[in-house]
Amino acid sequence: SMAAVAPHAAPHGTHLAQRSARLMHPRNPYKDQPPDFAALARFDPDFARHVRPGRPGGGASLDWSAPDAAVALTRALLWQHFGLRWRLPAGHLCPPVPSRINYLLWLEDLLRLRPSPRADEQAPPPPLVLDIGTGASAIYPLLGSALLGWRFIASEIDEAAAEAARANVALNGLDDEICVRFTGGGGGGGEGG
C-alpha cells in the first residue's frame with residue numbers, strides 16, 4: 001500500500017524537486033512524497049549498499065554511479081510500496097517506477113472519459129490492456145495489476161525478455177491477470193520499460 005511511502009528527507013524547496021512534482025500525475029503517490037532512500041535502505045540490504053548518508057539537515061542519496069543502483073531502487077520500491085517481487089536480468093532496461101505510475105494514471109484518466117453505465121446496465125469489467133513490448137521488467141502489467149486491478153496481455157519480441165517477464169509475473173502469482181506472449185522475431189526492436 002502506498003500509505004507506506006515515507007516522506008523524503010531532503011528539502012522540497014529545490015528546483016529539481018519542484019520540477020519533478022510538477023511533472024507528476026496528481027494521483028501519483030510519489031508526487032509529494034519522493035522515495036525516502038534511508039527508509040528503504042533499512043528494510044533492503046541490497047539497496048542499502050547504494051545509499052549514501054545525507055548531510056545534516058539533508059536526506060540520504062543514491063550512488064547513481066553504480067550500474068545496479070537503479071535496479072536495486074526499482075526492486076526496493078516495488079516490494080516496499082506495492083508488495084511486488086521483481087527481478088531484472090543483466091542487460092535489460094530498468095524502468096523508473098514513478099514515471100511508469102504516471103503513464104498508468106494518465107491511461108486511467110482516459111478510460112474514465114467513457115460514459116458511465118446506465119442504472120440498468122452492468123458495470124464494465126476491469127480493463128484488459130495490451131502492453132506491446134513489455135520488456136523483461138513487465139513493469140506496466142505488474143504495476144497496473146497491483147495498483148489498479150487491471151488485466152494485461154503483454155507482448156514481447158525478444159524471447160529472453162519474454163521469459164524474464166513471465167518469471168516476474170509468476171513470482172507475484174499474477175498469472176491469471178497477466179498473460180505474457182512471445183510474439184517472435186520480425187525485425188530489430190528495443191525493449192519496453
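This is a predicted model: local features need pLDDT of at least 70, side-chain atom pairs count only at pLDDT 80 or more; totals for chains, interfaces and linings use all residues.
Reader: How many helices and strands does the chain have?
Author: Seven helices and five strands. Both are DSSP runs numbered from the N terminus: helices are H or I with at least four residues, strands are E with at least two.

Reader: And what pattern do they follow along the sequence?
Author: α-α-α-β-β-α-α-β-α-β-α-β.

Reader: How much of the chain is buried?
Author: 43% of its 193 residues. Buried means under 20% relative accessible area, exposed means over 50%, and partly exposed is in between (1.4 Å probe, protein chains only).

Reader: Let's go to H4. What span should it have?
Author: Helix H4 covers residues 69–82, and at 1.5 Å a residue its 14 residues should span 20 Å. The expected span is 1.5 Å times one less than the number of residues. The end C-alpha atoms of H4 are 19 Å apart, which agrees.

Reader: Why call H4 largely enclosed?
Author: Because ten of its 14 residues are buried. Among them are Val-71, Leu-73, Leu-77 and Phe-82.

Reader: What do those buried residues pack against?
Author: Helices H2 (37–43), H3 (45–48), H5 (97–111) and H6 (139–148), plus strand E2 (61–62). Contact here means heavy atoms within 4.5 Å.

Reader: What happens just after H4?
Author: Gly-83 takes a positive phi of about 70 degrees.

Reader: Is Thr-74 buried or exposed?
Author: Buried, at a relative accessible area of 4%. Thr-74 sits in helix H4.

Reader: Which residues does Thr-74 touch?
Author: Trp-86, Cys-94, Pro-95 and Val-97, leaving out residues up to four places away in sequence.

Reader: You mentioned Cys-94. How accessible is that one?
Author: Cys-94 is partly exposed, at 26% relative accessibility. Cys-179 is also partly exposed, with a relative accessible area of 30%.

Reader: Last topic: what share of contacts comes from residues 24 or more positions apart?
Author: 64% of the chain's contacts with a separation of 6 or more.

Note on methods: Residues are numbered from 1 along each chain as its sequence is written. Side-chain values use heavy atoms; hydrogens and water are left out.
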